[in-house]
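Reader: Hi! I have a chain open on my screen and would like to talk it through with you. Could we start with the overall picture and then look at some details?

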Amino acid sequence: MRIRFFDSMRIGKNDVTVAILSGVALAFIGVYKLYPYIGNGQDYIDLIVGALTWIDYDKEKEWRTLNLFFGGSILFSTFFAAFFAYLRAQAWDNYSIQEVRQLFGIAWIPAIFWLGNAFMRPDVPSFMLNVSAMLVIIIALIALGLSRFKDGLAPKDITDIGISAVLLLILSFFSILAISVALGKFSADLRGLLFQKWSLILVRASVASTILFIIISLFTARTIGALKRRLSSGLLLLQISLPLLLFVFISQSYVYQGKILAMYRSDLLLAVAGVLTLFSWWRLFKRYGEIKKKEMEGLVLPYSVSLSVASLYPVVVFVSYIQNSWRTYSFATDDFHVGEQLLPWQQIIDFGKLPYHDFVPIHGLMAMAYGGLNKLFWGNTIATFPLAMTLLIAIAVTFSFVALFRFAGPLIALSLASFAGGGMNRMFVLLPAIILLCLPELTKRPGRWLAVWIAVCLFSVLYNVPVGAGIALGSIPIAAYMGWRVFREERRLYLRAGVVLGAMTLLILGISPMRNMAAGLIHFIIDNASTNTIANGSGLFQYDLRPKEFGLAAVPFQWQSLKLSWILVVLISVIYFFRTIANIKEHGDKRYFWLAALLPGSFFITGKWALERIAASGLERDGALSITALTFFLPLMIMGYSRESERLKRALFSAFIVGMATAAGYGVMNYRSWITKPFESIIVSEKDALVKGKDIGLPRLGKVFADPKRVEKLQELKQAMMPYLRDGETFLDLTNHSALYFYLDMPVPVLYSADYVAASAISQMRMVKQIKETPPPVVLISERIPWDGGPASLRSYLLYRELVNTYVPVKAGMFSFLVRPDRVDSINIAPFEQQMEVLDEVFYQADLKEIPNAWGRSWRLLKNRFTKLHTLVPGNPVNFTRSQNGGYKPTGEDPQINFEMPKNTILGADVDHIMLEYSCKKNNPGSEPVLELYWASEIYPMSEKTVVRFSGKGTRAIVPVGSQPRWRLGKQINALRLDLQDYRSCSELNVTNAVLLKLN
């Protein structure tokens, strides 16, 4: 049954849906913005005291708000219904009306993005709601203006003009901001004015002028062609100033002691920004000439022709800078991670070390890029290191934008590329590498694709081994298919490729440095691959991982699902891949087919690495991979495989998912900061001082604002080591403060700058070999950053064993050292017990928790690494009685089993571990059993300084007694006993085997 009212209005059911949804959404935005101003307080007609009275809550405000919402919904819905009725009265066909509805959907994408943000971050600003509201109104005006053109109006023209208008508004915002940024960077007074007031006014004026330009063009252009040409000219004009956004990198200003200081200006960076700006203008001028030539031929061109990659990428670079810039004035206190990034360039370039042969750059080219950029533009100091990090983000965002622009067009590139800098820096290569391998100009030519694939894989692995390996190994099936195509179509390429690869191989093998570096890289990968998970991993359910500030995700299941959502992208990619295989002719656009083919393997292998590191709070590797998947690849996949009728729904769904992902991964986006942040002056903390590194003998600090206590600590460390070092000599760090080598401008004496990353025995043995060849004069052993919760004697046992036997412990102020004996004056050597106190403070770990049992469970895999020295026999139990099956039943407090010591002399320096085979029948209820291994030596009696404890829940334990200084340096071991800490925890303790072990 049809209703005559709708027949008379000539409005379709889809028109009604869009009208109502748009009306309700506009009403919601209006109420959301007006809520603080609705009502002046609750009215009371009697002296009533209730829950509302205590806080003077205006309860009636809720009803007034609801009425306003319903009234606004009716009003706006009626307007949009009349709007569609008017269009149909003007004889618009269904296809044209459908394009208008599509434009309304595009207008609501910012609001849906905001909704996704709000699910994760309740405090998200409402800027995107304002954008959607404005776009809806403008789209309506555009449709009304286009109704003038009854003849010659194609549905495609409606979309083209609508998107052109949206782009004009976006570019007008950034174009005037670009001019402000460029002017503000060269004038402190102007920067202050722009920050306080004028930048916001100028932006609003620019957007208002653009809206006026769009409206005037709509109602004055005589033809559709003329209108499109006018909008195209506007797009070209607005792109002129966009490259000036790059000048945001030029310098930073600080408020210090009441003065504004401009610092870290790089003339070279200024020149690069100028050259890039000139290049962008040249490309834009060429684009203008091409467009004019085609227009003279009578062609009406789409909006995309007016867009230049060289002019647009500064927009996403600028947004990424505002969101992710390391705007800090003090060098970080995390000397471990800072050292990982700063040292490669310094050690390789300044000290001539061969990568992976003399020194291992853990993060490959990524860290080299930080140091290289820092050196190139600012002189390579800690003060400018944050600027180098920001610059690398800009480069990554640029490559991601260009790749997305080529793959999916300008709108997708502008929408997504700015988020490429917010993820983990190790994944910067993931997006452009995969997208590059999906471009049609490569996939249609398998020989060229294979050449690019080899280059991409090599660069990715060198950039960051785990992520690069994921890309390389995950894409091997596609490479094999391309190789088969080459074999069928261009077999001669194999001969050429063989010659090239053979020549490169001979070159690498023939040149000693390259051969050594290649061999070192292979050793690095093999040495660490098998132990990486155990050494650096943590359990997915090991901690409470919920970030309490998140909305929807502050629930365990949702948070874990978000962190593992890269798995969802893998599954979706597999589904799309096999659906395409099943009906290959149905899907004409092969870009997304290749994307679906490359994603599963690459993400699956990279996911293995990501799962190894789980943060107690935050996203870490697994979450960063998931955010990358949700922010880039999922929208590309679902949009690429959507039908025209489904595209709008999928775009809105994608906006919601991207909104959630960016809120979780990149934090709250304060869009007002796009306008204010470029002109802010960073306020220096009152406790910090302006330090000039050259003046205090620490030139690597540069000119930096820093806590004086931190600087004094560095100076004290340098002073404390001076008596033991001669010119050109360096120290060995066993504290994980690897950045100290950079601050003090000294070479790293071994392969790894931090013992934490040398967890495998093979890696440590390589370092031990270097130490034996060139013993460092002094070893810093405290204060340690205990990333794994334990001392170096556990994490880096082979290094500890090599050094503690031959070096002299020395305490100097707040620092502890191991000093080579020839560098210590015999008069100043502390008494032996004082030396042991120094070693105990640094290396002694009484509570080993589950470590011995974890190792003991893998005895069959580890036993070949040990030499059995002696098997101990248990005897002389105290507060134990023997059971019929040979076990020990505790009879009172402090039960203990004394082992019979061999007649041969057992030196602590010869015994690294003790293997115990045991079992404990746990009392229920009862405390968890804890076993204690006490020893006495020629020097030390049994005491709380000669004991290690571990969990008694296992059946075999490998106890690292050699990691305890008083065992290793106690000379002859005279007694050994096993105690049960709480006699009530076990009903019976069995000890079937106890073996003294030496680590090979």
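Author: Happy to! Before anything else, this is a predicted model. Let me begin with helix α23, where Ile522, Ile526 and Ala529 are exposed on one side.

Reader: Which residues of α23 are buried, then?

Author: Gly520, Leu521, Phe524, Asp527 and Asn528 are the buried residues of α23. They cover an arc of only 140 degrees around the axis, which puts them on the same side of α23. Ile522, Ile526 and Ala529 are on the other side.

Reader: What covers the buried residues of α23?

Author: The cover includes four helices: α19 (446-463), α20 (465-474), α24 (532-536) and α33 (761-773).

Reader: And how far apart are the end C-alpha atoms of α23?

Author: They are 26 Å apart. Helix α23 has 18 residues, 512-529, and at 1.5 Å a residue these should span 26 Å, so the two values agree.

Reader: Nice. Let's step back: how many helices and strands are there in the chain?

Author: The chain has 39 helices and 20 strands. Its C-alpha atoms fill a box of roughly 110 × 80 × 70 Å along the principal axes.

Reader: What percentage of the residues count as buried?

Author: Of the 1000 residues, 54% count as buried. The chain exposes about 45,600 Å², and carbon and sulfur atoms supply 62% of that area.

Reader: What share of the contacts comes from residues 24 or more positions apart?

Author: Such pairs account for 75% of the contacts with a separation of 6 or more.

Reader: Back to helices. Which residues are buried in α6?

Author: In α6 the buried residues are Pro110, Ala111, Phe113, Trp114, Gly116, Asn117 and Met120. Their cover includes α2 (13-34), α5 (94-107), α7 (127-146), α25 (556-563) and α29 (647-666).

Reader: How far does α6 reach from its first C-alpha to its last?

Author: Helix α6 (residues 109-120) reaches 17 Å with its 12 residues, close to the 16 Å expected at 1.5 Å a residue.

Reader: Switching to sheets: what is the order of the strands in the open sheet of 4 strands?

Author: The order is β6-β7-β9-β8, and the pairing is mixed. The edge strands, β6 (732-733) and β8 (808-812), each pair on one side only.

Reader: Do β6 and β7 run parallel or antiparallel?

Author: They run parallel, and 2 bridges join β6 to β7, residues 778-782. Asp733, for one, has Leu780 in β7 as its bridge partner.

Reader: Which helix lies across β7, β8 and β9?

Author: That is α31 (residues 708-721), running at about 25 degrees to β9 (815-819).

Reader: How about the open sheet of 3 strands: what order does it have?

Author: Its order is β2-β1-β3, again with mixed pairing. Here β2 (259-263) and β3 (682-683) are the edge strands, each pairing on one side only. Strand β1 (residues 252-256) pairs with β2 over 5 bridges in the antiparallel sense, and Tyr256 stands opposite Lys259 in β2.

Reader: I also noticed β19. How many of its residues are buried?

Author: Strand β19 (residues 973-980) is mostly covered, with 6 of its 8 residues buried. It pairs with β14 (residues 896-900) in the antiparallel sense over 4 bridges, where Ile897 has Leu978 as its partner in β19. Strand β16 (residues 930-937) also runs antiparallel to β19, joined by 7 bridges, and Ala936 stands opposite Ala975 there.

Reader: What does Ser951 touch?

Author: Leaving aside residues up to four places away in sequence, Ser951 touches Lys849, Glu850, Asn853, Tyr918 and Pro929. Its C-alpha atom is also separated by 8.1 Å from that of Pro852, which is 99 residues apart along the chain.

Reader: And where is Ser673 found?

Author: Ser673 is found in helix α30 (residues 673-676). Ser673 counts as buried at 14% relative accessibility, and it touches Ile322, Gln323 and Pro678, again not counting residues up to four places away in sequence.

Technical notes
Residues are numbered from 1 along each chain as its sequence is written. This is a predicted model: local features need pLDDT of at least 70, side-chain atom pairs count only at pLDDT 80 or more; totals for chains, interfaces and linings use all residues. Side-chain values use heavy atoms; hydrogens and water are left out. The expected span of a helix is 1.5 Å times one less than its number of residues. Buried means under 20% relative accessible area, exposed over 50%, partly exposed in between (1.4 Å probe, protein chains only). The arc is that of the directions from the helix axis to the C-beta atoms. Contact means heavy atoms within 4.5 Å. Two strands pair if DSSP finds at least two bridges between them. Axes are lines fitted to C-alpha atoms, for helices over the stretch in contact, and angles run from 0 to 180 degrees between N-to-C directions. Accessible areas come from the Shrake-Rupley method with a 1.4 Å probe; for residues, only the protein chains shown count as cover.
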